[in-house]
Amino acid sequence: MIEAELKARVHSPEEVMRQFDKLAPARVEVYQDTYYDRPDGSLDKAGEELRVRTVHGTDGTRTVLTYKAAAVDESSGSKPEHETRVEDPEATHAILHGLGYVPFIAFEKRCRNYDFEAHGRKMLATLVRVPEIDGTFLEVETLVDEDDLAPALDDIRAVLTDLGIGPEDLTRETYTGAVAAQRR
């Protein structure tokens, strides 16, 4: 499946939050993300991602292992995504180390997630704050087959438009890149 996703900088996060709070219940979660790469940085250079994410929320803690292939749509950065829940995060980190992967970057994301339906699609909207980066971001995504990517992105754009978020607010900036730049 392809994660059809658009990310935008949000200028009025409280207003966006109010609109989503009317639409769906919020899940407030803190993500602890560790991205891995080969020692030569070849995953990053190829636009691929290998991540272990531990999610702390009101309903407990869970960890997922995610691999994202290179973007299939350059304008949005949408990528094929494969994700699975893991029972033992420490073992997962040890396995990745044992296979020769090294931690590339690790950081925290503070998220407010909303599961909702729009335009006949199940969507996830996430308001994101990364303590090391200025501003608030909104990610809106849905999982689709590759042949449904363009219509799905149009539907996501319509959701953003309804929230008062225009094309000028969209960004392809990655959290990994922004955090790395702040740490330099």
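Start by selecting Thr-142: at 6% relative accessibility this residue counts as buried (buried is under 20% relative accessible area, exposed is over 50%, with a 1.4 Å probe and protein chains only). Before you go on, know that this is a predicted model, where local features need pLDDT of at least 70, side-chain atom pairs count only at pLDDT 80 or more, and totals for chains, interfaces and linings use all residues. Residues are numbered from 1 along each chain as its sequence is written, and side-chain values use heavy atoms, leaving out hydrogens and water.

**Around Thr-142**

Thr-142 sits in strand β8, residues 136-144 (strands are DSSP runs of E with at least two residues, helices are runs of H or I with at least four, and both are numbered from the N terminus). Show its side chain and you'll find it reaching the backbone oxygen of Lys-122 at 2.7 Å. Now bring up its contacts (heavy atoms within 4.5 Å). Leaving aside neighbours within four places in sequence, they include Ile-2, Glu-3, Ala-4 and Met-123.

**Helix α5**

Next, select residues 175-183, helix α5, where Tyr-175, Thr-176, Ala-178 and Val-179 are buried. Look down the axis: these buried residues fall within an arc of 165 degrees, so they line one face of the helix (the arc is that of the directions from the helix axis to the C-beta atoms). Strand β8 turns up again here, as the cover over them includes β1 (2-10), β2, β6 (102-118), β7 (121-129) and β8.

**Helix α3**

Move to residues 89-98 for helix α3, and pick out the buried Thr-92, His-93 and Leu-96. They cover an arc of only 100 degrees around the axis, which puts them on the same side of α3. What lies on the other side of α3? Glu-90, Ile-95 and Gly-98, which are exposed. Among the elements covering the buried residues are β2, β3 (49-57), β4 (60-68) and β5 (79-86).

Asp-88 caps the N-terminal end, with a side-chain oxygen 3.1 Å from the backbone nitrogen of Glu-90. Just after α3, Gly-100 takes a positive phi of about 100 degrees.

**The largest pocket**

Last stop: the largest pocket holds about 1,100 Å³ of space. Of its 46 lining residues, select Glu-3, Glu-5, Glu-49, Arg-51 and Lys-68, the closest to its centre. Color the lining by type and you get 14 nonpolar, nine polar and 23 charged residues. Strand β2 (residues 26-37) gives the largest share of that lining, six residues.

Definitions and conventions. 1 Å grid on protein atoms, 1.4 Å probe; cavity = no way out; pocket = protein on both sides within 12 Å on 5 of 7 lines; lining within 4 Å. Points joined across faces, edges and corners; volume = space filled by probe spheres on them. Nonpolar A, V, L, I, M, F, W, Y, C, P; charged D, E, K, R; others polar. Polar contact = N/O pair within 3.5 Å; in protein donor to acceptor, adjacent residues only side chain to side chain.
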